[in-house]
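Please read these notes with the model open beside you. Take the points in order and find each residue as you go.

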Amino acid sequence: MRILLLEDDQDMRDYLARGLKELGHHVVVEGEGKAALARTLAEAFDILVLDRMVPGLDGLTVLKLARNAGCQSPAIILSAMSGIEDRVAGLEGGADDYLIKPFAFAELAARLGALARRPPPGDRAEAQLMLCVGGIELDLIRRTVKRSGRIIDLQPREFSLLEYLLRNPDRLVTRTMLLDRVWNFGFDPKTNIVETHMSRLRTKLNEGGAENLIRTIRGSGYMIVSSAS
Amino acid sequence: MPRTIKGLSILSAGISGLVTLALGAVAIFISHHEIEAQIDHRLEMEMDALLDYHTTNGAASLARLVRLRDGGATNGTGYLADSGADGRLMLYALADAQGRRLAGSLIPHIPPTGWSEFLPIRRPDGSKGVAQALSRPLPDGGQIVVAGDRDALSRADDRILIAALVGLGIILLTGTVSTIAFGRLVRRRLVLISGTAQGIIEGDYTRRIPIDGSGSEFDRISTILNRMLGRIDMLMRSLRQVSSDIAHDMRTPLGRIRQDMEALLLEAPDDATTQTLERTIADMDALLDLFAALLGVSEVQGLAVRKRFVPLSLSDILGEIVEAYRPAFDDEGRAITASLTDVTISGDAQLLKRAVANMLENILAHAGDGADATIALMSAGDEAILTISDDGSGIAADDRDRIFERLVRLDPTRSKPGHGLGLSMVKAIIHAHRGTIDIMPSDQGLCFMIRIPALPSKA
C-alpha cells in the first residue's frame, strides 16, 4: 500500500516509516502540513497517517482540505490530544480512525490493516452480504452463522464480534479495535470484556471438536485464520 | 426594618395610607371648625340685626319679622326660609318675659340664653336635625333665639371623609400595583442573575448575565459581574490549556520512550531483559492511563461535553453494558440482574456507558467473592432513577463521603489495580448530565442511587 505519513518528530517518523516499510508498504514521509497537503492532492495514497500537531497546517486541517478537494483515501489521525472533544473533532473532520499517542506499533499496523480492508465509499451498495472464512459462513441479511453446515446460535454481540473478525481475516485485530467497533466503547474497561466474549464465541464455534480458527496474539489481540496450519 | 423588597414596599404603602388618613382627619378638623365658626358668625350678625330691629320697631314688629323669616310656621317667606336643604336654614324663636312662645315653632324647646351647641330642631319639611343656637334676652324681659342647622357641617364632614377614603383607596391601589410591578422587575433581573450563577456553579463558565441596555442599576452590576465571570472563564480555560499542553508535552517523550522500549523488545537478548522491558512498558502504560484518567475527569467536569448531548434511551445503554459485563460476572459464578424501564434522557452514550462500566467494575473488583450486582432503572415523573447495588461487603460509613474524591482508594495497601479515579469520573459524568449520585442506606453491600432529568417520552 502507498501510505502518506505526516509526522514532525524525527525519531517517531523514522520509527514508523521503518516499521511500515518492514510490513511491505510504500511510505512517503512529510514533516510539515503544507507539503503533506500538496502531496496528498498530487498523488494517490491508499492510506493517510496524520499527526495533528505539526508545523505549517495541522494534520486535521490538512485532512479537511484534502477531503474538500475530493480525496477519499482512508485516514487515521495520530495524536497526543486525547480528549473526547479532540477525538470527535478528528472523526468529524473526516478521519476514519483516531489513535492516541503513545501507541504500540502493532496497534497502528492492525488499524491500518482494518482500514485498508474497507470497501471504498462508492461500493457500499455492493458490500458483501455473506462472509466466509475457513468454513465459517456468516449471513449478514439473515443474521445466521454456520460452520460446516452446523448452525451456530450466537448472541448479538458475539455475532458482531465474529463479523468484525471475518471482515479482517488473517489480520491482527486488537482489543481496543474490538472495543471501538463492536461495543462502541470509547474507553478502556479494566475488565476484559473482549476476552470473556471471545472465549464464549470460541466455545460455540468449536463445539464438536472443530478446529480453533481464532488465534490469540499475545499482548496484541486476535486473528481469525482462513486456513489452519 | 424589613429586609426584603416586598416587605419594604408593603411598609411604604402602609405609611402612604396612614399619611393620607391623617391628612383627611386634619382636613375634616379644620373645615369643621371653619364652617362652625362661619355659622356662629352668621348667627351673631343675624342676632345683631334682629336686636337693632327690636330697638327701632318694638316687640310686636320683631315678632312679625320672626314669623316672616321663620317660614316653616307662617306664610312668610324669608330669604333663608326654604333654603334648608343646602344648609343655610336659619331658625328663630321669640318668647316673652314669662317664657311664652311668641313666634317660631321649629325649635321645640327654648334654650337658655347664650350659645347652645346641639339644639334639637324640626325642619320645615318635618325632618329632625341638630342646630347650634344663640339666645339673647330682650330689654323687655323676653328672649330671642337664632339657630343655624348643622346639617351643612355634617355633610361637609361626610364629603371630606369620603374624599379621604377615596384617596386612601387610590394610594393603596397604586401602591400595590407599583409594588407588584417593581417586585416583578427586580425578581426578573435577579432570576437572570441567579440562573447565570447557577450555571456557573454547575461548571458552565460561558454563561453571562443578560444586559437589556436600559442602563439601569441592574445593567451596571450585571456588566461588572459579567466582567468578573469573563475573567474566571479565562483563568479556567488557561488552566485547562496548561493541563492539555502538559498532557501533550508529557505524552510525546513518554511515547518516544515507550516506542524505544518496544524496539528494544524485538532485539532483546534474553528472557530477563524481555521481562524487564515488558514490565517497564506496562508501568509506562499505567502512568499514561492515570494521566489520561485525570485529564478525562477534568474534561467531563469542564462540561463542554454537554454540547454533544442528544436524546437517547438510557435503558438501551444499560442493556448494552449489562450484556457486555454478564460473561465477566458469570465466569466468577456471580450474577448481574437488571430490570429496566424505558427512559429517554439527554446525554452522551459513551460517557454514560463509561460511568456504569466503572461502577460494575468496582463491584467486580471490590464487592467481594460471590457478590451479585443489581441494576434497576425506573421512570419517576420527570426523572430517571437508576440504582446500582451489590450484596457484597459494603464500605464503612465513614468512607462514604470520601469515595467520590479523586485518587481516594479505600484499600489502604493500594494492592488492587486502579487509580482511584473511577467514582470521581462517575460523579463528573452524572453531574454533566445534570444528575445526582448518592449512596443509599442498605442492609448489605453498597447501593448507589442516580437521578437524571428525563425527557418527555414520545409515547
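1. **The contact between the chains.** Chain A brings 33 residues to the contact and chain B brings 34 residues. Contact here means heavy atoms within 4.5 Å. The model is predicted: local features need pLDDT of at least 70 and side-chain atom pairs count only at pLDDT 80 or more, while totals for chains, interfaces and linings use all residues. Residues are numbered from 1 along each chain as its sequence is written, chains are lettered from A and ligands numbered from 1 in the order in which they are written, and side-chain values use heavy atoms, with hydrogens and water left out.

2. **The area.** The size of an interface is often given as the accessible area lost when the parts come together. Buried area is that loss, taken with a 1.4 Å probe and summed over both parts. Between chain A and chain B the buried area is about 3,000 Å². Carbon and sulfur atoms give 52% of that area. On the chain A side, I84(A), P102(A) and F187(A) supply 19% of the area that chain A buries against chain B, more than any other three residues.

3. Seven salt bridges run between chain A and chain B. A salt bridge is a side-chain nitrogen of Lys or Arg within 4 Å of a carboxyl oxygen of Asp or Glu. R256(B) and D9(A) form a salt bridge, and their closest N and O atoms are 2.3 Å apart.

4. **The chain A side.** Which elements of chain A give two or more residues to the side that touches chain B? They are α1 (10-22), α4 (84-92), α5 (105-117) and α8 (193-205). Helices (H or I, at least four residues) and strands (E, at least two) are DSSP runs, numbered from the N terminus. By class, this side has 17 nonpolar, seven polar and nine charged residues. Ala, Val, Leu, Ile, Met, Phe, Trp, Tyr, Cys and Pro count as nonpolar, Asp, Glu, Lys and Arg as charged, and the others, Gly among them, as polar.

5. **Helix α4 of chain A.** The buried residues of α4(A) are I84(A), D86(A), R87(A), V88(A) and G90(A). Buried means under 20% relative accessible area, exposed over 50%, and partly exposed in between (1.4 Å probe, protein chains only). After α4(A) comes G94(A), with a positive phi near 115 degrees.

6. **A buried glutamate.** E30(A) lies in strand β2 (residues 26-30) of chain A. Is E30(A) buried or exposed? E30(A) counts as buried, at 13% relative accessibility. Leaving aside neighbours within four places in sequence, its contacts include L4(A), E7(A), R13(A) and R39(A).

7. **Chain B overall.** Chain B has eight helices and 12 strands. Of its 459 residues, 41% count as buried. Take the contacts in chain B with a separation of 6 or more: residues 24 or more positions apart account for 61% of them.

8. **Salt bridges within a chain.** Over all chains, the structure holds 34 salt bridges. In chain A, E163(A) and R167(A) form one, at 3.1 Å from N to O. Both lie in helix α6 (residues 156-167), four residues apart, about one turn of the helix. E163(A) is buried at 17%, whereas R167(A) is partly exposed at 30%.

9. **A link across chain B.** R308(B) and D348(B) form a salt bridge, with the closest N and O atoms 2.7 Å apart. The pair links distant parts of the chain, 40 residues apart. R308(B) is in the loop between α5 and β6 (310-313), and D348(B) is in the loop between β8 (344-347) and α7. R308(B) is partly exposed at 22%; D348(B) is buried at 6%.

Definitions and conventions:
Buried area = accessible area lost by both parts, 1.4 Å probe.
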